[in-house]
Number of protein chains: 2
Amino acid sequence: MSMTHTQSRFNSTLTSQCQNCSLSALCLPIALADEDINRLDQIIERKKPLKKGEFLFRQGDTFDSVYAVRSGTLKTFNITSVGEEQITGFYCPSELVGLSGIDSNVYPVSAKALETTTVCEIPFSHLEELSSQIPSLKHQIFKVMSRKISDDQQMMVLLGKKNADEKVASFLLNLSNRFKKRGYSASSFRLSMSRGEIGNYLGLAVETVSRVITRFQKNELIHVDGKEIEIVDFPEMQKLVGVASDCGKIANI
Amino acid sequence: MSMTHTQSRFNSTLTSQCQNCSLSALCLPIALADEDINRLDQIIERKKPLKKGEFLFRQGDTFDSVYAVRSGTLKTFNITSVGEEQITGFYCPSELVGLSGIDSNVYPVSAKALETTTVCEIPFSHLEELSSQIPSLKHQIFKVMSRKISDDQQMMVLLGKKNADEKVASFLLNLSNRFKKRGYSASSFRLSMSRGEIGNYLGLAVETVSRVITRFQKNELIHVDGKEIEIVDFPEMQKLVGVASDCGKIANI
DNA sequence: GTCATTTGCTGACCCAGATCAAGAATTCTC
DNA sequence: GAGAATTCTTGATCTGGGTCAGCAAATGAC
């Protein structure tokens, strides 16, 4: 295993990579003993960056690893029978991609970089093996997958029941929460995806996304400058999403 | 544990319940050694039947078990901020309900019986413990959760991209596949959910569901008698869903 | 059995958001 | 940095499916 590790790995002497990684509290947010973190670190490969538009894996590829995003953004998508792309998710730093491949041993979606993106590759067979020895790691994997299931179900609610305004507001607040969780500004961030990709994801036409965003800006809910977004009126946005402000799960998508 | 087992458990002498269960190949379709199946069997509680409309668990209840449906049907749903119900899934015999509760230790949805329904309760802490000792069981749980993730993502595609005809056709073929998998007729079955529940699930108004079903019948794609459905023209239905007939994953929802 | 309630069907109308079109602003590329 | 290509915005128009309404059929309660 260690032979496949990249340069940076050899530079670190005694310290573990995972331990130093600013995402360690998020990627598999576990209360692991140092010794366990080291063992996890051993199986992880740090891959060279993907450039915008490059694939991490393609629908139909043999599944062997899950990936943690370290920097940048990925999208996952299906190609439908009529050849159009359907985006099923965006992945920000600290998030895990590829879990849906475990069942069939084949990735059921493609994953593509929206900008320059680096990932950690976590060979699944090794992770599974290690999870037998570290119960808290196993529990953590169950939790991450369970979380994905409930998040996706919230997304189903969004697609099935919400109108265009609610969809876009949910999307922006969801991104905001994810940035906040990793220590970035919750109110001001950059969209790494195009309007077209947002529309595709939310089940809306590009034009509708554009119009809604313009209207939000006109009503001073947000401030927009190209891909830069600033959320100005959180309470009003949350009202649109339809979530009580005291609710822990704000703007779930 | 064994103290909580019901009557039927004591009637069985040496044979395991899970071993005899006709769903064993589906519920956690594992190549478990007899000994392992017995151990799994030990932790499972067979609950008394739920009557139509009764809850298995409610949104917000503390999570402690997942449930395998033995007979009947369940639906899971959220209550939205405006008080309306959003159905996130239907569960047929052999399917597992409750996996989304692992992450937060609370069920994020409610589960309600659509008809008289029996389930096996699988206390999750015991299952997790046992999975440490039986790697193939652990792998199986990963697979079941992974499958749920990719199924839900197909559902997202359906909600985001398909029109009313495609949604209803996908729904019917998906049910057909699930019945077929458990050994029942793929072409002829009974819908345990109302038109309203189908519409809710598919993001359609009741009237639309009703009209589409009527039209399918008029065009001789299906034959309908109340809740009884017979799929007459599979190829045409699959064409509607937009899946090549040689594709393994037909009519994925 | 009878009455009440829920569930399903169908027609008439309407609107949110899709589609079409055409410029404006960005972003690639060399 | 000029030109090409893509992405974004905005307006005009169209339509799939939602809403409303009224009746029929099935199911439940007593």
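**DNA contacts and fold**

Modeller: Start at a backbone contact: a polar backbone atom of Gly203(B) sits 3.4 Å from a phosphate oxygen of DNA strand D. Keep in mind that this is a predicted model.

Biologist: How many residues surround DNA strand D, and which are the closest?

Modeller: 16 residues surround it. The closest are Ser210(A), Arg211(A), Thr214(A), Ala164(B) and Thr208(B). Of the atoms of DNA strand D that come within 4 Å of the protein, sugar and phosphate account for 58%.

Biologist: What is the make-up of that surface by class?

Modeller: Near DNA strand D there are three nonpolar, seven polar and six charged residues.

Biologist: Which helices supply at least two residues each there?

Modeller: Helix H8 (195-202) and H9 of chain A, plus H9 of chain B. H9(A) gives the largest share of the surface near DNA strand D, with four residues.

Biologist: OK, over to DNA strand C. Which residues come nearest?

Modeller: Ala164(A), Thr208(A), Ser210(B), Arg211(B) and Thr214(B), out of 17 residues around DNA strand C. Sugar and phosphate make up 60% of the atoms of DNA strand C that come within 4 Å of the protein.

Biologist: Which helices supply at least two residues each near DNA strand C?

Modeller: From chain A, helix H9 (206-218). From chain B, helix H8 (195-202) and helix H9 (206-218). H9(B) has the largest share, four residues. By class, the surface near DNA strand C splits into three nonpolar, seven polar and seven charged residues.

Biologist: Back to Ala164(A). Where does it lie, and what is it in contact with beyond its sequence neighbours?

Modeller: Ala164(A) lies in helix H7 (residues 164-181) of chain A. Setting aside neighbours within four places in sequence, Ala164(A) is in contact with Leu204(A), Thr208(A) and Val212(A). Ala164(A) and Thr208(A) are 44 residues apart along the chain, with 7.4 Å between their C-alpha atoms.

Biologist: New topic. What is the strand order of the open sheet in chain A?

Modeller: S1-S8-S3-S6, four strands with antiparallel pairing. Strand S1 (45-46) and strand S6 (96-97) of chain A are the edge strands, and each pairs on one side only. Strand S3 (residues 65-71) of chain A joins S6(A) over two bridges, in the antiparallel sense. There, Ala68(A) stands opposite Leu96(A).

Biologist: What packs on that sheet?

Modeller: Helix H5 (residues 124-133) of chain A. H5 touches S3 and strand S8 (118-123) of chain A, and its direction makes about 60° with that of S8(A).

Biologist: And in chain B, how many bridges join S3 to S8?

Modeller: Six. Strand S3 (residues 65-71) and strand S8 (residues 118-123) of chain B run antiparallel. Val69(B) is opposite Val119(B) in S8(B).

Biologist: Last one. What rotation superposes chain B on chain A?

Modeller: A rotation of 180° with 0.0 Å of shift along its axis, at an RMSD of 0.0 Å. The two copies are therefore related as by a two-fold rotation axis. The same surface serves both copies, as 98% of the contact residues of chain B recur in chain A.

Methods. Residues numbered from 1 in each chain as written. Chains lettered and ligands numbered in written order. Predicted model: local features only at pLDDT ≥ 70, side-chain atom pairs only at ≥ 80, totals over all residues. Heavy atoms only, no water. Near = heavy atom within 4 Å. Nonpolar A, V, L, I, M, F, W, Y, C, P; charged D, E, K, R; others polar. Pairing = 2+ DSSP bridges. Least-squares fit on C-alpha atoms with pLDDT ≥ 70 in both. Contact = heavy atoms within 4.5 Å. Polar contact = N/O pair within 3.5 Å; in protein donor to acceptor, adjacent residues only side chain to side chain. Axes fitted to C-alpha atoms, helices over the stretch in contact; angles between N-to-C directions.
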